Each structure stands twice: as C-alpha cells, then as structure tokens.
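The following note sets out points for a colleague who is about to examine the model. Please read it with the sequence and the structure open.

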Amino acid sequence: MAPNNGRAPLSAHLALRIALAARELSGVDTGQLLRSLLGVTGEPITEARLARLRLNRLRHCLLSTVDGPSPPMTERQLQRALGLLKGRGVQMPEEPLPAVEPYREGELPDSVRIACASDGGERLDGSFGSCVRFLIYQLSPSASRLVALREPGPVAPNEDRHASRAELLHDCQLLYTLSIGGPAAAKVIRLGTHPIKVMRPIPAREIVEELQQVLATAPPPWLARAMGSDPATRRASIAETEDTP
C-alpha cells in the first residue's frame, strides 16, 4: 500500500491485513477502512495498536467515516474483519532477509547492541529456544544498524541448547523474544544479556524505534551504564543539550 498524503507507508503485513479485512465488509473498500483505522488508532497504524482495537470502536468509526448510506455490514462480517486486522489466520509469503549493514566498533557513540528472535524477514516473531535466527542491531539515540544475522547451529546430543544460543548473544545488552523459560533466561543473564518478552509478533524496527526514544531521554541506570555513561553524567548531558540555544 503506497503512502497516502505524505503518510508513512504501511508494512506489507499490515497492508495485507487491511486489504483482507476490507474484502469481508460489504460496501467498504480498502481506502475507507484505512481512513477509519486512522481515526481509531491515530498515526502510524501499528500491530500493537491494532491488537487493542475493539469491535464497537471499529463499527463506530466505519459508520462515521463512510460517505453516503451506511454500508450493509453484518456482525459476523465485522468480527471476521477484526480478526484479520489482528492477524488471525493471515499468512504472509516468506519475507526476504534484511541486508546486514557494515559496522565498526565505536562508530555509534552511546549505543547498545540488541538481539531480536526472528522466524522470518525483519520481524520479531520468534521464541528464544526455537527461533530460526537472531537479528542483531546496534543503535544509538539517533541512528541504528542491523549489524548481523546469527543462526543457531545444530546441537550435539550432549550439548546444552540454551547455553549454545545464549553464547550467540554474548555481546548484546538486550534480547527481545516472544517467550523464554526461566532456566534459559538465567543462562542469557549470566552472559550479561537482559531478556525482554514481547506480547505479540511485531516488526523488529518498531522495537528499535521505541528503544531509541528511551535512549534519547532517560534510560534506566543499568542501560545507561551499558551505553558507556553513568546515569548522573547522562542526565547532565541531556540537560546541557536542552539548555543550548
């Protein structure tokens, strides 16, 4: 789906969901549904915002934004459309892997390295113990790069699978994953990586952008230390920046 009036383009996965949902609704086309969703969620439309969408809210916005007579939508159509918007039963063709960007240590000052468990494309949609690969990002408050794709190799019968996977993340400060068990989390933490569970699959870049906002304002003390500065020094630096004309 192309940008609309200067709006950022939707991801292919979200565009497919909206198109499929519009087909379920009699008298509603994709553009009308998109305008209704923008009225509900605001901009940008994200997977997290669609996950919070409720049936009554969707119905109200569709009826208030569609020109002319009210479309002949049934309750069943609305329920099916809502399920598609939330991603239920929507299967995307396998996405191509994202390109790794060159990076030399120290090129991004005040940066951290994170890992996202992934099963396809540039998405955070895997679990620590079973994901196909880890997307490794280096990010600072103002820039980010995908610096590596790390795929767990085969594990020997007497080898600890979780320890082997944790070792792949030894240089990462954070791990984002859909799930991770207690014993596996302990192995990850032992190597200096902090695991964070995400409730649902989302584009990995959404996590990168959210974390950049945290880094740019007031990261927690342990994260500030990982960025190479103590919290007090960082707060002073932010204050000086804000006071600069």
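Which unit do β5, α7 and β6 make?

1. Basis of the note. This is a predicted model, in which local features need pLDDT of at least 70 and side-chain atom pairs count only at pLDDT 80 or more, whereas totals for chains, interfaces and linings use all residues. Residues are numbered from 1 along each chain as its sequence is written, and side-chain values use heavy atoms, with hydrogens and water left out.

2. Overall content. The protein has ten helices and seven strands; helices (H or I, at least four residues) and strands (E, at least two) are DSSP runs, numbered from the N terminus. Of its 245 residues, 42% count as buried; buried means under 20% relative accessible area, exposed over 50%, and partly exposed in between (1.4 Å probe, protein chains only). The exposed surface comes to about 13000 Å², of which carbon and sulfur atoms supply 52%; accessible areas come from the Shrake-Rupley method with a 1.4 Å probe, and for residues only the protein chains shown count as cover. Among contacts (heavy atoms within 4.5 Å) with a separation of 6 or more, 59% are between residues 24 or more positions apart.

3. Strand β1 (residues 112–118) pairs with β3 in the antiparallel sense over seven bridges; two strands pair if DSSP finds at least two bridges between them. Glutamine 138 has arginine 145 in β4 as its bridge partner, and a hairpin of four residues links β3 to β4.

4. β1 is itself mostly covered, with seven of its seven residues buried. Val112, Ile114, Cys116 and Ser118 lie on one side, and Arg113, Ala115 and Ala117 on the other. Three bridges join β1 to β5, the two strands running parallel; the partner of cysteine 116 in β5 is tyrosine 176. β5 (residues 174–177) is in turn joined to β6 by four bridges, again in parallel, with leucine 174 partnered by histidine 194. As to the opening question, β5, α7 and β6 make a right-handed β-α-β unit. A crossover is right-handed if, with the strands pointing away from the viewer, the path from the first strand over the helix to the second runs clockwise.

5. Threonine 193. Where does threonine 193 lie? Threonine 193 is in the loop between α7 (182–190) and β6 (194–197), and it is buried, with a relative accessible area of 2%. A polar atom of its side chain lies 2.9 Å from the backbone oxygen of leucine 169 and one lies 2.7 Å from the backbone oxygen of cysteine 172. Not counting residues up to four places away in sequence, threonine 193 touches Leu169, Cys172, Gln173, Leu174, Leu175 and Val188.

6. Helix α1. The 13 residues of α1 (residues 12–24) should span 18 Å at 1.5 Å a residue, and the end C-alpha atoms are 19 Å apart, which agrees; the expected span is 1.5 Å times one less than the number of residues. Its buried residues are His13, Leu14, Ala15, Arg17, Ile18, Ala21 and Ala22. The elements that cover them include α2 (30–41), α3 (47–51), α5 (75–85) and β2 (123–124).

7. Two partly exposed loop residues. Aspartate 110, in the loop between α5 and β1, has a positive phi of about 55° although it is not a glycine; its relative accessibility is 35%. Proline 201, in the loop between β6 and β7 (202–203), has a relative accessible area of 34%. The C-alpha atoms of proline 201 and glutamate 47 are separated by 8.0 Å, although the two residues are 154 residues apart along the chain. Proline 201 touches Glu47, Arg123, Leu124, Asp125 and Leu178, not counting residues up to four places away in sequence.

Methods
A polar contact is a pair of N or O atoms within 3.5 Å; within protein, one must be able to donate a hydrogen and the other to accept it, and residues adjacent in sequence count only if both atoms are side-chain atoms.
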